[in-house]
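Here are my notes for a colleague opening this entry for the first time. Please keep the viewer open beside you while you read.

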Amino acid sequence: MFSFLNRGAGPRVERIAANEAVARSAAGEIIIIDVREQAEVAASGKAQGALHVPLMTLAMRCDPRSPECLPELDPAKPVALYCASGGRSHRAGEMLISMGYAEVYNIGGLYDWHAAGGAITR
């Protein structure tokens, strides 16, 4: 009834500094996911090492119960997402939490990644 009172309980999408995401990705400590559409990735590239999972396919490709779930993903491992500005990646993070992912971060946009020294691949 008063579910708004429980907002602080359980995992939630946290903001991660882009430079921390770049460093943790380089160390193999975090999985990076680009949730933008294919046309956006084609136009600007994606973060080096990132998995490309458009938001519309997230439920199919990231849910551990789905036969289409990417083998690189594990709900016990940290995940950081980005999009163009951070809105879609936040929504995607909420979806991952509902699927059982325990440590989910929002980098913001691809620009944040690049500005922090993260490499872009095309």
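1. Start with the side chains of arginine 36 and aspartate 34, which are joined by a polar contact of 2.7 Å. (A polar contact is a pair of N or O atoms within 3.5 Å; within protein, one must be able to donate a hydrogen and the other to accept it, and residues adjacent in sequence count only if both atoms are side-chain atoms.) The two side chains also meet in a salt bridge, 2.7 Å from N to O. (A salt bridge is a side-chain nitrogen of Lys or Arg within 4 Å of a carboxyl oxygen of Asp or Glu.)

2. Before going on, a word on how to read this: the model is predicted, local features need pLDDT of at least 70, side-chain atom pairs count only at pLDDT 80 or more, and totals for chains, interfaces and linings use all residues. Residues are numbered from 1 along each chain as its sequence is written, and side-chain values use heavy atoms, with hydrogens and water left out.

3. How confident is the predictor? The mean pLDDT of the protein is 94, and 93% of its residues reach 70 or more. (Contact means heavy atoms within 4.5 Å.) Where pLDDT is low, the predicted coordinates should not be read in detail.

4. Back to arginine 36: is this residue buried or exposed? Arginine 36 counts as buried because its relative accessibility is 4%. (Buried means under 20% relative accessible area, exposed over 50%, partly exposed in between, with a 1.4 Å probe and protein chains only.) Aspartate 34 is buried too. You will find arginine 36 in the loop between S2 and helix H2 (38–44). (Helices, H or I with at least four residues, and strands, E with at least two, are DSSP runs numbered from the N terminus.) A polar atom of the arginine 36 side chain lies 2.6 Å from the backbone oxygen of glycine 45. Setting aside residues up to four places away in sequence, arginine 36 touches several others, including His52, Tyr82 and Arg88.

5. Now look at the sheet around aspartate 34. Here 5 strands form an open sheet in the order S1-S6-S5-S2-S4, with parallel pairing. Strand S1 (14–15) and strand S4 (51–52) stand at the edges with a single partner strand each, so one side of each is left without a neighbour in the sheet. (Two strands pair if DSSP finds at least two bridges between them.) Strand S2 (residues 31–34) pairs with S5 over 4 bridges and with S4 over 2 bridges. Aspartate 34 has tyrosine 82 as its bridge partner in S5 and stands opposite histidine 52 in S4.

6. Strand S5 (residues 79–83) deserves a point of its own. How many of its residues are buried? The count is 5 of 5. Val79, Leu81 and Cys83 lie on one side, Ala80 and Tyr82 on the other, and both faces are covered. In a regular strand the side chains alternate between the two faces of the sheet. S5 also pairs with strand S6 (residues 104–109) in the parallel sense over 5 bridges, and valine 79 has valine 104 as its bridge partner there. Together S5, helix H4 (residues 87–98) and S6 make a right-handed β-α-β unit. (Right-handed means that, with the strands pointing away from the viewer, the path from the first strand over the helix to the second runs clockwise.)

7. The count of salt bridges comes to 8. In one of them, arginine 24 meets glutamate 103, with the closest N and O atoms 3.5 Å apart. This pair links distant parts of the chain, with arginine 24 in helix H1 (residues 18–26) and glutamate 103 in the loop between H4 and S6, 79 residues apart. Arginine 24 is buried at 15% relative accessible area, whereas glutamate 103 is partly exposed at 29%.

8. Another salt bridge joins the side chains of arginine 88 and glutamate 40 (2.8 Å, N to O). Arginine 88 is in helix H4 and glutamate 40 in helix H2, 48 residues apart. Glutamate 40 counts as partly exposed, at 25% relative accessibility.

Definitions and conventions: pLDDT is the predictor's confidence in each residue, from 0 to 100.
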